[in-house]
Amino acid sequence: MSTLPSCKESSKLVQMEHIYKTFNKGSVNEVVLFSDFNLSIDKGEFISVVGSNGSGKTTMLNILCGFTDIDSGRILLRGSDISRLKEFRRAEFIGRVFQDPSKGTCPSLTILENMALADNKNKPFGLTQGVNKKRIDAYRTQLELLKLGLEDKIHLQVGNLSGGQRQALALLISTMTPIDLLILDEHTAALDPRSSETVMELTQRIVTQKKLTTLMVTHNLKYSVLYGSRLIMMHKGDSVIDVRGEEKKRLDVSHLLKVFNEISVECGN
Amino acid sequence: MDIFAGLVRNILEEGFIYGIMAMGVYITYSVLDFPDLSVDGTFPLGACITAALIIAGVNPLLCCLIAYAAGAAAGVLTGLLHVKLKITNLLSGILTMTAMWSVNLIITKGSAVLPFYNRSTVFSMGLSELLPQDIYIYRFALIGLVAAAVCKIILDLYLKTKSGLLLRASGDNQQFVTSISRDPGRMKIIGLAIGNGFTALAGSILSQQVESANINSGTGMVVMALASVIIGRGLFGKIKLLKPTTMAVLGAIIYKSCLVAALQLGLPTNYLKLLMAVLFTAALVSTNFLSKRRSRPYVNTPEL
């Protein structure tokens with residue numbers, strides 16, 4: 001699938017090196033967000049990222065995906081520099097689920113058509129049959145994993161689904177073809193508590209099953225403690241907490257909340 | 001009764017051809033969500049190129065294909081202005097429309113009207129010559145029907161292909177197209193090419209019907225095509241078996257009927273464009289009124 005040279009057996013999947021990013025440069029609204037930001041992600045890690053508004057979580061994801069340009073620095077994926085690749089080219093290696101459930105699917109296309117499009121990722125979109133009938137059973141099987149009964153509604157337009165159903169579908173769609181990195185951008189934030197639980201459980205199931213390296217931004221401190229093998233708390237464009245393994249397991253929500261409040265008070269939030 | 005039959009014939013003769021244009025605008029406006037004003041320039045482009053080529057003795061069917069290609073090229077221009085130079089969609093269309101005015105004049109060598117009477121056209125060649133005498137007067141309507149049907153079938157088939165599915169996705173959700181590793185800008189350009197190709201084809205066929213090309217013939221085409229798409233959707237949207245392409249053609253025929261009826265009732269021709277604007281307003285307002293509950297009116301998808 002990849003046009004990137006596969007690198008010499010390094011465990012480092014993603015390296016963000018010396019990232020600088022300033023918004024509205026030269027104006028009164030100038031905001032220096034990242035100055036010399038560094039992050040490296042190991043293969044197989046499931047990282048939860050927390051932090052207050054404006055701490056740079058979402059910008060970090062946007063920079064990784066290529067939605068936001070950087071001023072300087074570089075981003076390596078499996079050892080290759082992807083800093084200059086456009087967003088749609090990076091999508092070959094990176095899957096992303098957004099906060100807004102309508103972003104991950106096409107509302108006026110059916111579930112089947114959405115899945116057929118995603119299934120064809122990284123292949124040519126020519127003049128052959130759009131929905132391959134032979135694949136329908138495979139799609140049904142994948143939908144059954146969601147346990148939402150969507151496998152019986154494959155001809156329904158996605159616009160008719162609820163936010164939770166759409167988000168579950170978006171999660172499935174973004175992981176249909178092999179990817180190096182899955183990015184979850186507050187993907188449960190717009191859902192009601194019950195749908196949010198369902199989507200989170202599903203996330204865990206898919207990530208474990210497909211052994212995906214995952215970067216999840218969340219506002220939910222409970223999820224950040226409960227899920228993932230590493231936790232990062234960001235503040236003013238830097239990571240103030242970065243724990244993994246056993247150390248992360250010992251972490252609890254109250255401690256996290258305390259640190260969170262301390263830094264929030266400090267910057268007047 | 002004869003007058004009535006004559007009117008129906010008149011409506012169908014032009015209705016089917018405007019239907020082809022309406023299908024093109026369906027692609028840009030409904031599928032891509034792109035209000036494309038270049039249509040006013042690409043319609044006469046098709047007509048002028050056809051006139052020039054037929055005078056030069058080119059086969060009329062080949063003329064149609066060349067007109068389609070020229071329209072598609074103009075659509076690509078609109079797309080490049082919008083995607084590569086980041087000019088807003090409305091302005092990109094206006095730029096192409098304005099540029100086409102000169103292009104058309106260059107093609108007609110400076111004359112506003114380029115006649116080609118008694119030359120071979122799609123209406124006087126091949127099968128239409130074999131039509132029995134008593135239905136020969138219906139040949140304009142019949143060939144228009146065949147042309148619209150062929151265009152509709154090709155377009156419907158295209159929308160079911162992988163590329164067609166991706167085109168519909170890019171009008172629906174650009175982020176989705178990006179996330180399956182495709183360039184949404186490229187799909188916009190392709191859609192504009194297809195849409196304007198159909199518009200130029202309609203211009204080509206209509207010029208062959210009247211055996212002359214008029215560089216003013218594009219004025220009001222955007223309004224007519226958009227109104228057709230919206231009327232078709234508004235009146236027939238509830239019928240599940242009808243595809244949006246068919247709805248666009250039916251919308252064009254109904255639109256044309258309204259114009260013909262008004263003229264028949266004694267409206268002076270000077271008021272024609274005013275009437276077109278009024279009809280379009282009525283179509284917009286009524287559909288908005290009918291579809292208040294829908295979040296995105298006019299966005300429809302083919303039943304696949």
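Colleague: At roughly what angle do the axes of α2(B) and α8(B) cross?

Modeller: This is a predicted model, where local features need pLDDT of at least 70, side-chain atom pairs count only at pLDDT 80 or more, and totals for chains, interfaces and linings use all residues. Residues are numbered from 1 along each chain as its sequence is written, chains are lettered from A and ligands numbered from 1 in the order written, and side-chain values use heavy atoms, leaving out hydrogens and water. Helices are DSSP runs of H or I with at least four residues, strands are E runs of at least two, and both are numbered from the N terminus. Take helix α2 (residues 39-55) of chain B and α8(B): their axes, lines fitted to C-alpha atoms over the stretch in contact, with angles from 0 to 180 degrees between N-to-C directions, come within 7 Å and cross at roughly 50°.

Colleague: Which word describes how α2(B) and α8(B) lie to each other?

Modeller: Angles under 35 degrees count as roughly parallel, over 145 as roughly antiparallel, 65 to 115 as roughly perpendicular and the rest as oblique. The crossing angle here is roughly 50°. So α2(B) and α8(B) are oblique.

Colleague: How do α1(B) and α8(B) lie to each other?

Modeller: Helix α1 (residues 2-31) and helix α8 (residues 184-210) of chain B have axes that come within 7 Å and cross at roughly 170°. Therefore α1(B) and α8(B) are roughly antiparallel.

Colleague: How many charged residues are in the contact of α1(B) with α8(B)?

Modeller: Contact means heavy atoms within 4.5 Å, and among the residues making this one are B:Ile17 and B:Met21 of α1(B) and B:Phe198 of α8(B). Ala, Val, Leu, Ile, Met, Phe, Trp, Tyr, Cys and Pro count as nonpolar, Asp, Glu, Lys and Arg as charged, and the others, Gly among them, as polar. The contact has 12 nonpolar and 6 polar residues, and the charged ones number 2.

Colleague: What share of the residues in chain B is buried?

Modeller: Chain B has 11 helices and 2 strands. Buried means under 20% relative accessible area, exposed over 50% and partly exposed in between, with a 1.4 Å probe and protein chains only. Of the 304 residues in chain B, the buried share is 54%.

Colleague: Is A:Lys147 buried or exposed?

Modeller: A:Lys147 sits in the loop between α4 (136-144) and α5 (163-174) of chain A. Its phi is near 55°, a positive value in a residue other than glycine. With a relative accessible area of 64%, A:Lys147 is exposed.
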